[in-house]
Amino acid sequence: MLLARALRAAAALRPPPRYPPRRLLSSSSPRALLPPPAAAPPLARSLWQLGGGGWRTALLRPRRGSAGGVSCGCGGLHTEGDKAFAQFLTDEIKEERKIQKHKSLPKVSGGWELEVHGTEAKLVRKIAGEKITVTFNINNSIPPSVDEETQEDQKPDEQEPDLTSTPNFVVEVIKDDTKQTLVLDCHYPEDEVGHEGEEESDIFTIREVSFQPTGESDWKDTNYTLNTDSLDWALYDHLMDFLADRGVDNTFADELIELSTALEHQEYIKFLEDLKSFVKCQ
Amino acid sequence: MSVALRNAQRAVPVRRAPLRRAVCALRAALGASCFDVGLVCAGNGLMRRLNGAYRQRPEPTDVLSFPFHRVAAGELPRPRCRDEYNLGDIFLGVEYIHQQCRATGEDFDGVLAVTAAHGLCHLLGYQHNTKPEWQQMYQKEVEILEELNRLTGASLRPLTAGLF
């Protein structure tokens with residue numbers, strides 16, 4: 001539920017463009033203030049190509065062999081900073097690969113099948129006329145409190161503690177003979193992660209429960225959503241037992257953390273590699 | 001008044017709804033329904049740490065009780081404000097209990113209820129350090145478990161049977 005809501009909220013918050021993009025290239029655009037380039041290239045490139053010996057070129061275009069950067073013929077900027085950055089990334093990738101626990105994603109026990117689409121993962125299980133799916137996204141799934149604590153408390157010769165990914169996850173229970181899907185929005189307790197008292201709380205909690213139309217990607221905000229903050233405790237326990245009967249229990253929640261942590265690390269290393277390629281322009 | 005139930009371990013599956021029902025019935029049988037109770041289902045690691053920290057016995061055990069009030073056995077606390085309507089916390093060593101049940105062949109859910117009854121009695125001042133204390137506690141456990149048996153049809157007996 002939250003995943004869908006977040007996407008809708010992000011879309012709603014994005015401001016519409018003030019001008020249609022074509023205005024930038026039209027003859028009445030601010031480009032007219034600059035000397036017209038011979039081949040009328042797009043504005044962004046024209047800034048780089050204008051004026052054979054003007055001050056603008058001297059500032060922006062690196063000279064071959066200067067301390068500022070080198071050219072590889074790709075048309076992009078290459079500075080000493082880029083070189084150092086790429087070397088840093090090479091070392092970082094090497095270190096991350098060294099501490100990578102799983103070369104392939106770990107399996108979740110209990111007959112769950114895994115589908116991964118970028119940073120989103122979906123676990124699917126079918127039992128006796130029901131289909132259960134668990135969806136989570138590893139973006140922003142590492143609690144920031146862990147970072148803060150380790151940076152303050154860590155001694156110079158101490159090894160960094162492992163980062164753990166604890167994403168919110170959405171459980172959908174679909175019965176074959178109904179058009180309704182029961183959706184349960186589950187969280188790992190945020191305040192407890194990495195703090196004293198962690199071991200006295202539930203491993204995961206249900207935050208919201210609602211029905212949504214089966215097979216529709218857009219969930220309806222107009223459907224009643226049960227918030228568990230003010231819920232009768234006995235009803236909450238029945239919901240937890242209901243999930244446990246479908247394989248979503250503390251053991252599952254633990255294995256989901258392991259899977260999510262492995263996926264997050266895998267995507268982080270991939271991002272570093274992409275960043276290195278981008279910086280090196282190769 | 002609520003029973004705050006937490007399942008803080010992954011070693012053993014615990015059915016929350018029946019456990020809550022049993023604890024609520026036992027609390028009512030003690031005449032303490034107007035008091036909150038915390039109930040944590042714990043693994044061996046947490047029980048070992050708590051047992052070591054508070055009883056100098058760093059080993060897993062079946063139940064540890066942390067009363068909010070200090071009362072004589074058989075007396076109910078006299079709260080002065082809303083926050084004091086609290087009996088305290090019970091840590092059920094569900095992993096330890098499960099291991100014991102596997103060894104003895106006893107019913108896990110039944111033993112959980114019996115152990116919770118024992119923990120609740122401790123929250124209300126009952127002890128079993130001497131024979132007279134034990135007799136008093138045993139009698140109360142029998143009484144509240146009989147009430148639970150009447151409601152559920154079970155035949156549960158106190159944890160401390162035959163202690164002295």
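Reader: How many residues of chain A are in contact with chain B?
Author: In this predicted model, 16 residues of chain A are in contact with 15 residues of chain B.

Reader: Which elements of chain A give two or more residues to that side?
Author: Helix H6 (233-245) and helix H7 (250-280) of chain A do.

Reader: And which gives the most?
Author: H6(A), with seven residues.

Reader: Left-handed or right-handed?
Author: H4(A) passes H7(A) in a left-handed crossing.

Reader: Which residues meet there?
Author: From H4(A), A:Phe85, A:Leu89 and A:Ile93 are among them. H7(A) brings residues including A:Tyr268, A:Leu272 and A:Lys276. The contact divides into nine nonpolar, seven charged and one polar.

Reader: New topic. What about the largest nonpolar core?
Author: It has 48 residues. B:Leu26, B:Leu92 and B:Ala116 have the most contacts inside it. Helix H4 of chain B, residues 108-123, gives the largest share, nine residues.

Reader: What is B:Leu92 in contact with, beyond its neighbours within four places in sequence?
Author: Its contacts there include B:Leu39, B:Val63, B:Ile97, B:Leu112 and B:Ala116.

Reader: What's in the second core?
Author: That separate core has 26 residues, including A:Val108, A:Trp112, A:Leu123 and A:Leu259.

Methods:
Residues are numbered from 1 along each chain as its sequence is written. Chains are lettered from A and ligands numbered from 1 in the order in which they are written. This is a predicted model: local features need pLDDT of at least 70, side-chain atom pairs count only at pLDDT 80 or more; totals for chains, interfaces and linings use all residues. Two residues are in contact if their C-beta atoms, placed from the backbone, lie within 7 Å. Helices (H or I, at least four residues) and strands (E, at least two) are DSSP runs, numbered from the N terminus. A crossing is left-handed if the near helix is turned anticlockwise from the far one by less than a right angle, and right-handed if clockwise. Ala, Val, Leu, Ile, Met, Phe, Trp, Tyr, Cys and Pro count as nonpolar, Asp, Glu, Lys and Arg as charged, and the others, Gly among them, as polar. A nonpolar core is a set of buried Ala, Val, Leu, Ile, Met, Phe, Trp, Tyr and Cys residues joined through C-beta atoms within 7 Å. A residue is buried if 20 or more other C-beta atoms lie within 10 Å of its own, exposed if 12 or fewer, and partly exposed in between; C-beta atoms are placed from the backbone.
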